[in-house]
Amino acid sequence: LSMDKLTPVQLAELDRKHFLHPTTNPKAHAENGPKAMFSEGKGIYVSEMEGVPYIDGVSMLWNVNIGHGNQEIAEVAKEQMSKLAYSSSFNGFSNEPAVRLAEKLATLAPGNLNSVFFTSGGSESNDTAFKLARFYWELNRKPLKRKIIALGNSYHGVTIAAQTATSIPNFHSFTNSKIKEVFHAKPHLTECERGDKNHPDYEGCIRDIVEKEGADTIAAVIMEPVQGAGGVHIPPEGYMAAVRKLCDDFNILLIADEVITGFGRTGTMFGSENWEAIPDLLCFAKGVTSGYAQLGGVMLSQNVRDTIVEYEEVLSHGFTYSGHATSCAVALKNIEIIERENLVANAKNMEVKLKAGLEYLSEKHKIVTKPRAIGLLSAIDLYQDPANNVPFEEGVMAAAKVWEACFERKLIARPIRFAKGMNTIALAPPLIINNQQIEDVVGILDDAISEFSKSL
Ligand code: PLP
């Protein structure tokens, strides 16, 4: 099959028959084929064959941080692939891009997170972090410290361990496969019964579990510095620092899942920096390559690393693509571009514009509430009557319809609607976005909401 001989219709037909898609309704897909088939990207835009470009308002899966179609990255990938596309990093083998990237990450990461274990993506990184945390305690002669605490609304991926840590219920509908010894601190950030209204005691939800289970059985707490897929929940000031302190007080490791928040997304290189809380293990993926190649990893604090390097046998863990030479070369160039083009600062500056746009929408439209943004990670909620906290009925499909209306107008947004009554629209455009393009995004969302409101 030669790509250039297939029409979009023929491709759609082959897709329908042969491609089982992730996080997609299989029956509908087998009947209807793909919703869109992208063939080109440039900057914040992606297009279908011969189609009008869409604004990629969520950087696809929150990952295309430097935008699409970057030729410098394409050149680097070609160069590295021509020289040495891949070499193993098992059994002490190494390669230059992986070494250079490890060093670069050590200089970028906060605190003394100065070594890295490479993986191929976010889920693998979280699984790896759980194993590293447990192993750390084993080496410290505390083998009972195995339990992992994750938070309500969390998303950590879909491998069985990462998915067990994921709180979003939808992701458990697919076979509900779980590992043991993972606990969820709930409710978290969206509602909290502890403390008073102005000072909710969020970390109390975690402390309860620690006290009930016993700190001497708990290996780690895992948290996203800003929750993404769970609804873009920006924690209050002081929250992550309080969790850090709780972990210190009870001798528990803190794992930051920075798969979305890493590499500039929140207006700082890493999300943890917003709260000056330094984790013991930091998981990254997505933005490390802006999606140009598959790569993830776990950064280890000096303390964790020092313990692990005392181990005298083989550390029997690793992926074929750990330290993939081409992926690492792409990551290095991607980070160079993020730094050279000041994209972290741009994310911070554009936050102001994006937030103002979302606030404008919440003033204009009765059904829009909770406009929020940190860097270029943002969302609004849709309620039938926000003032009285009345959500839309399930059948109204508010988020899905607004999302669809955006899509028709050539804006890709992200609907989030896993909990009853929840209708969130998230936006996380590439970090290269400018003022005018943010106005375009907000303008389209405005029209989409107007159309939906009229249909009510
Ligand atoms: N952790 C977070 C916070 C994520 O948002 C994601 C993906 O969206 C993952 C982990 C899983 O990453 P991957 O899909 O690369 O396995």
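This is a predicted model: local features need pLDDT of at least 70, side-chain atom pairs count only at pLDDT 80 or more; totals for chains, interfaces and linings use all residues.
1. Start with the seven-stranded sheet. This sheet is open, its pairing is mixed, and the strands come in the order β4-β10-β9-β8-β7-β5-β6. At the edges you'll find β4 (113–119) and β6 (182–185); each has a single partner strand, so one side of each has no neighbour in the sheet. On average, and ignoring direction, neighbouring strands here are turned by 25° against each other.

2. The partner strand is β10 (residues 296–301), which runs antiparallel to β4 and is joined to β4 by six bridges. If you want a residue pair to click on, take Phe-118, whose bridge partner in β10 is Gly-297.

3. Helix α8 (residues 203–213) touches β5 (147–151), β6 and β7 (218–223), and its direction makes about 140° with that of β6. Helix α9 (residues 239–250) lies across β7 and β8 (253–257), and runs at about 150° to β8.

4. What about the two helices relative to each other? The axes of α8 and α9 come within 10 Å and cross at roughly 20°. That is under the 35 degrees cut-off, so α8 counts as roughly parallel to α9. The crossing is right-handed.

5. Which residues make the contact between α8 and α9? From α8 come Glu-203, Ile-206, Arg-207 and Val-210, while α9 supplies Tyr-239, Ala-242, Val-243, Leu-246 and Phe-250. By class, this contact has seven nonpolar residues, two charged and no polar ones.

6. The other sheet has four strands. This one is also open with mixed pairing, in the order β1-β2-β3-β13. Here β1 (38–42) and β13 (411–412) take the edges with a single partner strand each, so again one side of each is left without a neighbour in the sheet. Strand β3 (residues 54–56) and β13 run parallel and are joined by two bridges. Within that pairing, Ile-55 has Leu-411 of β13 as its bridge partner.

7. Last, the ligand. There are 15 residues around the ligand, and those that come nearest are Gly-121, Gly-122, Ser-123, Gly-157 and Val-259. Which element gives the largest share of the shell? Helix α6 (residues 122–139) does, with three residues.

Technical notes. Residues are numbered from 1 along each chain as its sequence is written. A residue is near a molecule or strand if its C-beta atom, placed from the backbone, lies within 6 Å of it. Two strands pair if DSSP finds at least two bridges between them. Axes are lines fitted to C-alpha atoms, for helices over the stretch in contact, and angles run from 0 to 180 degrees between N-to-C directions. Two residues are in contact if their C-beta atoms, placed from the backbone, lie within 7 Å. Angles under 35 degrees count as roughly parallel, over 145 as roughly antiparallel, 65 to 115 as roughly perpendicular and the rest as oblique. A crossing is left-handed if the near helix is turned anticlockwise from the far one by less than a right angle, and right-handed if clockwise. Ala, Val, Leu, Ile, Met, Phe, Trp, Tyr, Cys and Pro count as nonpolar, Asp, Glu, Lys and Arg as charged, and the others, Gly among them, as polar.
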